[in-house]
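Here are my notes on this one, as numbered points. Have a look at the model first, then read on.

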Amino acid sequence: MNRSEQSASEPYLRIVHVTKTFGDLVAVNDVSLDVSEGEFVCILGPSGCGKTTLLRMIAGLEEQNTGQIFQAGKDVSRLPPRRRDFGIVFQSYALFPNLTAAQNIAYGLENRKLPKKQIEARVKELLDLVGLPDVGHKYPAQLSGGQQQRIALARALATSPGLLLLDEPLSALDARVRVSLRREIKQLQRQVGVTTIFVTHDQEEALVMADRIVVMNQGCIEQVGTPEEIYRSPASPFVADFIGVMNFLPGTAGPGEDQVRCGAVTLRCGQAHELKPDTAVLIAVRPEDVRLAHVQPGTPNSVRVKVEDAEFLGSFYRLTLQLDGLETERLVAEVSNNMMRDLNIQVASELLVHLPADLLRVYAAE
């Protein structure tokens, strides 16, 4: 079945109850995932969570113990890599050092015995596509890290694969090149339209690049969603803590279904938490969601705090706040330079802060 014959409603890539073990280690545990054609999906998680193992199973570089993998409606679960339709880019570039940039790009095309003129035209097209039209004659050692990764990307795209697999392709580059190249990769993916799986441990990369993010932890999928969904509505304390910065405050559920107690204060939540009264909970709120301006005594969800520390971070300040009645807990808030000036906030200042109900997340304490 080719891509044009594939049902529009059928995912381009389907991973169904896939498990992979190495001895007693369960690297990937009963993972299922659907990826639509043309989608850019980031698999995100800490080292050892199973994300690279999952990518390698998609490529056929590792064989799953159980489960199936379908691409364009075809079961590829037991096919060797050479019979799967993908291009892959690794962290280490993996270019052939004895071949020029143009020869590296042409490698897969030559293996397919395409006419020489057709290969030359495709190589020129790809060098232009990755913004390196004049480096075809150079060897990898003569190229910067960013240029080598662009050539590796062009080589992966040379045979027009249906699936592009990227295994932490930016982690070996310096910060400025990494930021520039992630933008270029996303633009290139949109231009080419290739279905893409991008493995990373960098949350910022995932938030910036992905159509959807798959957060993995200890071999399992914790949550799948758009960057906005993952950031704003994390499904678990792990996701909340791994993506961005999150405050966690201890409390108890109740008395109402949309209420929690935090120290001496009762806070209202934006949605019912479905936990029994007095159940131990974690109350989560992002630093940028802590409101400091125009908080009047008696405002619902207001808490009295004392400013313990103020870090100047250029465009904003990060405040460490000690909560009244919870002397061992700290709340981090991020405020603009203008607000610091307008409210005359200083270390040791005492003030009221507001924790908006619709921006609070509540989790059962582990």
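1. A term to start with: a polar contact is a pair of N or O atoms within 3.5 Å; within protein, one must be able to donate a hydrogen and the other to accept it, and residues adjacent in sequence count only if both atoms are side-chain atoms. Thr200 has one of this kind, its side chain reaching the backbone nitrogen of Asp202 at 2.9 Å.

2. Some housekeeping. This is a predicted model, with local features needing pLDDT of at least 70 and side-chain atom pairs counting only at pLDDT 80 or more, while totals for chains, interfaces and linings use all residues. Residues are numbered from 1 along each chain as its sequence is written, and side-chain values use heavy atoms, with hydrogens and water left out.

3. Back to Thr200, which sits in strand E8; helices (H or I, at least four residues) and strands (E, at least two) are DSSP runs, numbered from the N terminus. Thr200 has a relative accessible area of 1%, so it is buried (buried means under 20% relative accessible area, exposed over 50%, partly exposed in between, with a 1.4 Å probe and protein chains only). Setting aside neighbours within four places in sequence, Thr200 is in contact with Ile43, Leu44, Gly45, Lys51, Glu168, Glu205 and Ala206, where contact means heavy atoms within 4.5 Å.

4. One of those partners, Glu168, deserves a look of its own. Glu168 lies in the loop between E7 and H5, and its phi is near 45°, a positive value in a residue other than glycine. With 12% relative accessibility, Glu168 counts as buried.

5. Now for helix H5. Its 18 residues (175-192) should span 26 Å at 1.5 Å a residue, and the end C-alpha atoms are 26 Å apart, which agrees; the expected span is 1.5 Å times one less than the number of residues. At the start of H5, a side-chain oxygen of Asp174 comes to within 3.2 Å of the backbone nitrogen of Arg176. After H5 comes Gly193, with a positive phi near 80°.

6. Which residues of H5 are buried? They are Leu181, Arg182, Ile185, Lys186, Leu188 and Gln189. Seen down the axis of H5, these buried residues fall within an arc of 165°, so they line one face of the helix (the arc is that of the directions from the helix axis to the C-beta atoms). The buried residues of H5 pack against strands E3 (40-44), E7 (163-167) and E8 (195-200), and against helices H3 (116-129), H4 (145-157) and H6 (203-209). The face turned away from the buried side carries the exposed residues Arg176, Arg190 and Gln191.

7. Further along, four strands make an open antiparallel sheet in the order E17-E16-E15-E18. The edge strands, E17 (326-336) and E18 (350-354), each pair on one side only; two strands pair if DSSP finds at least two bridges between them. E16 (residues 316-323) and E17 run antiparallel and are joined by eight bridges. Gln322 has Arg330 in E17 as its bridge partner.

8. The peptide bond from Gly254 to Pro255 is cis, with omega near 10°, and Pro255 is in the loop between strands E11 (247-253) and E12 (259-262). Ala72 is not a glycine, yet it has a positive phi of about 55°. Ala72 is in the loop between strands E4 (66-71) and E5 (74-75) and, at 8% relative accessibility, counts as buried.
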